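Here is a short note to read alongside the model. Please keep the structure open as you go through the points.

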Amino acid sequence: MDQDAASSSRTAMFQCGLCQNHYRRLDHLSRHVRSHTQSKPYQCHICAKSFGRTDLLKRHLAAHGVESRPNTERPLRVLRGAPDRVTHACRACATNHLRCTEKKPCRRCVERNIDCVWKAPSTHPTHETPSDSNPSADRIRASDAARAVAQDVSQDAMARQVHSATLVAETLTEQDFVSQQTGQLNDNFFSGPVDLSFVPGQWSSLTAPELDFASALALNDVDLQFLNEYNVNVPFEWESCFQDTSDLAQYSEPLAAPGPEAAGRRASLCTEAFSQAYWKFCPGVGDHGGAEEHHLSLPSDGGQSNASLRSGVGAERRATAARLSPTSRDKIVAMVVKGCRQDNLSRAVESFPSVHLLDTLIQHYLTSPVAQARSFLHAPTFDPNTKRPELLAAMAAAGAILTADPTLTKLGLAIQECVRIALPIMWEQDNRFIRDLELSQAFLLTLEIGLWSAHGRKVEIAETLVHCLTTMLRRGGRLRHTGYPDIDLVSGGAGELDRAWSTWVEGESFKRLVFRLLCHDTNTSMALLINPLISYAELSLPLPDSSDLWAASTAEDWSVRYSSRSNYQRVTVADYIDDPEEFLSHSQTVDVRVARSAFLSAAWSLCWEYVQLGSLQRSSPRRWNALLSASRLEELLRLLNHFRICMEPHLSSADVATRLEHTLLHLHTPFESVHVFAGMEGPEQARTIHPLVSEWATTEAARKAVWHGAQIVRAAKSTARGTLQGASVVMLYQAGLTLWAYGILTGDLVPSERWDNTGGSQQDQGVWLEDQEGVLLQRFIQLGAGSPFIRGIATSQAGLAETHLSEPDKIMEAVINILRHNHEGLPKPLLVDRLIQLMAAVQRSSRAEG
């Protein structure tokens, strides 16, 4: 039998590189290869349907009543760079339309402790080689399960050339596959595996969800609606979005010696992860304004106890005494209905959230320490029944997203989309509304939700529309001091005092709205690495009055506090930039929290200008005088250090410390180049940028950058549980990526080049980068002496984790653990989940190198 197999193999000279099948003719092998790749190069000239074989095309043309012509067999254009698909899927993965792995048993079946059934009879006549007869090497050939998986993905065009000279087909390279579906539901709103225990109307607890398909669940009508949606848009698992290096290792060649080529190989492992980043958006057919309207239809609580709602949104804490009325809810529904499509209208009206749920979400937003809503919304005069429905809906949407409950998050994102669409319609119908305070507040809320939604479409829209709000406030005179006249307290009755208080509250609300927009503009610039829109030079409006005055609960209380101010003087952001010691002089008359935020926003704008100048200097060294850049850097460092000294008592605030260190980090880091080096723009660009970032890694600026990055890590570890969200998460990610890049690049250097030889055993002394001062720390920064470490999260089993910067994978793991620890026992926001997955891919790329 062995002789017959060997003889047959010699006769069938053309071999498949995947399943080792042999064929006597080259065209038979080509047709067989298409069964693996699902390539369909033959297209009907009538209906554009494609086929993998010419005989199938001829049969199809016969149904049209025409004869096949040579020019109808037009090969489709090959899509270069498309990801490979798994050769054969197991039965469980194929049935559930989930991504299988090449290695059997697959990862999903192993994790869920189920049988991985994958062996099936071949559908093609073959002559087996001796290796084929071995049961351990036997594999499915063109199985139905693999084709079932292929039905839900975009068509692969990965046909490989066959080497006729060697009479052996070129081996098809196996890569992990990432679904590029353009569905409305699964791509945008699921931060992880779909948990069917999240039943709408019976809100989930705050513990981390566990996915168990084997558990018995009672499904209601809304659950069935979601399941019907899954039939069209297959839910994906997060772990399948990124390549598994355990499978990759058996197909990839070992990485070359450190250098540009190794940088390109490392970046290739991260490119797919960066394509899924929150700032990336590739428009699809399902992306439009009404794509989320079906999430508006949620059942009422149906008599459920309020305990579950309280645990989810903190209903026991109220910022205002007034409760939302049914009339106000009806106004919100009417606003939503105006922008709803006809097919979603009836269900949205019938199952829109109840009065109690909307009121609870509004209160949750007002009391959340993450949102800091009461810094620009005046809680003492806030009555939901006198406010515009657009503002109430935006606040309810923000409160729903802050819960991080999957169902409530989808509801919040859907309401945010309705408000975003409704506001421009109102402004077009009556242009006077562009000066309305409450509509401007609602618009800013939609921008904040969009920026931190981790939804590429919403992020791009938020980046675009921030221009509109900035222009409206600028043209309305709200950025200048002339838009805020002084309030004179005249003797009169209670009515005069109430009017004076209302006038002051409106003007103060506009000031706080402007500075909230300034902070949002800075966050947008920092998160997306783009230029800020608002210049610190045009902000001549006075800083908001003190928080005590803002918190006055009655007109009489406000009048007493307002009159008791002594030596009051209007202060602007420019005054603080000129002399940060003004913080000490006016701490009783201005809102220090808003003033600090405004100063740091102005400092970021100044530093970003320097960063852009440095980018031009690197591309053309003769374009600018190097002394000019050095002088500018010295001035900025002096300004920020002066601010640090004046704000020393307030630097215990994690937010202030993080923003200050983040600004200093970017002053010393070409972060856009670091992003490219990590793989954001592909392996070729990573190879190109490698010499530049390698040179940076040997400088004192790089060592200062990693010190500031370690300070951000230290501040993140002290952040209150569950509050590491939004801008602070992005700043931690950028700090972690800087530390990772430094570890990679200094590891590429030979030992004699890594540290300056300044003497003896000091070279090996440990340096804790999270320390704020010390001789060893200064020796490392200035001379490069010592071994830098950071401290991770302390655990009861291992104690305090210590990680050396020469271990980049462990550095990234430490940053990921900080995020997980901060949200331990709580549902993670979508942005946190996305960044954890991105950093995990970067971590795996450095492990693959080793």
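1. A word on terms to begin: two strands pair if DSSP finds at least two bridges between them. Helices (H or I, at least four residues) and strands (E, at least two) are DSSP runs, numbered from the N terminus. This is a predicted model, in which local features need pLDDT of at least 70, side-chain atom pairs count only at pLDDT 80 or more, and totals for chains, interfaces and linings use all residues. Residues are numbered from 1 along each chain as its sequence is written, and side-chain values use heavy atoms, with hydrogens and water left out.

2. Now the strands. S7 (residues 766–768) pairs with S8 (residues 787–791) in the parallel sense, over three bridges. Gly-766 stands opposite Ser-787 of S8.

3. Look for Arg-791, whose bridge partner in S9 is Glu-802.

4. How do helices H25 and H26 pack? H25 (residues 592–619) and H26 (residues 626–646) have axes 11 Å apart, at an angle of about 160°. Axes are lines fitted to C-alpha atoms, for helices over the stretch in contact, and angles run from 0 to 180 degrees between N-to-C directions. H25 and H26 are therefore roughly antiparallel (under 35 degrees is roughly parallel, over 145 roughly antiparallel, 65 to 115 roughly perpendicular, the rest oblique). Residues in the contact (heavy atoms within 4.5 Å) include Phe-599 and Leu-606 of H25 and Leu-636 and Phe-643 of H26.

5. H27 (residues 654–668) and H31 (residues 727–747) pack at about 40°, with axes 11 Å apart, and are therefore oblique to each other. Among the residues that meet are His-662 and Leu-665 in H27, and Met-731 and Ala-735 in H31.

6. Finally, confidence. The protein chain averages a pLDDT (the predictor's confidence in each residue, from 0 to 100) of 76, and 72% of the residues score at least 70. The mean is highest in helix H18 (residues 437–451), at 97, and lowest in strand S6 (residues 168–169), at 32. Over residues 120–257 the pLDDT is below 50. Where pLDDT is low, the predicted coordinates should not be read in detail.
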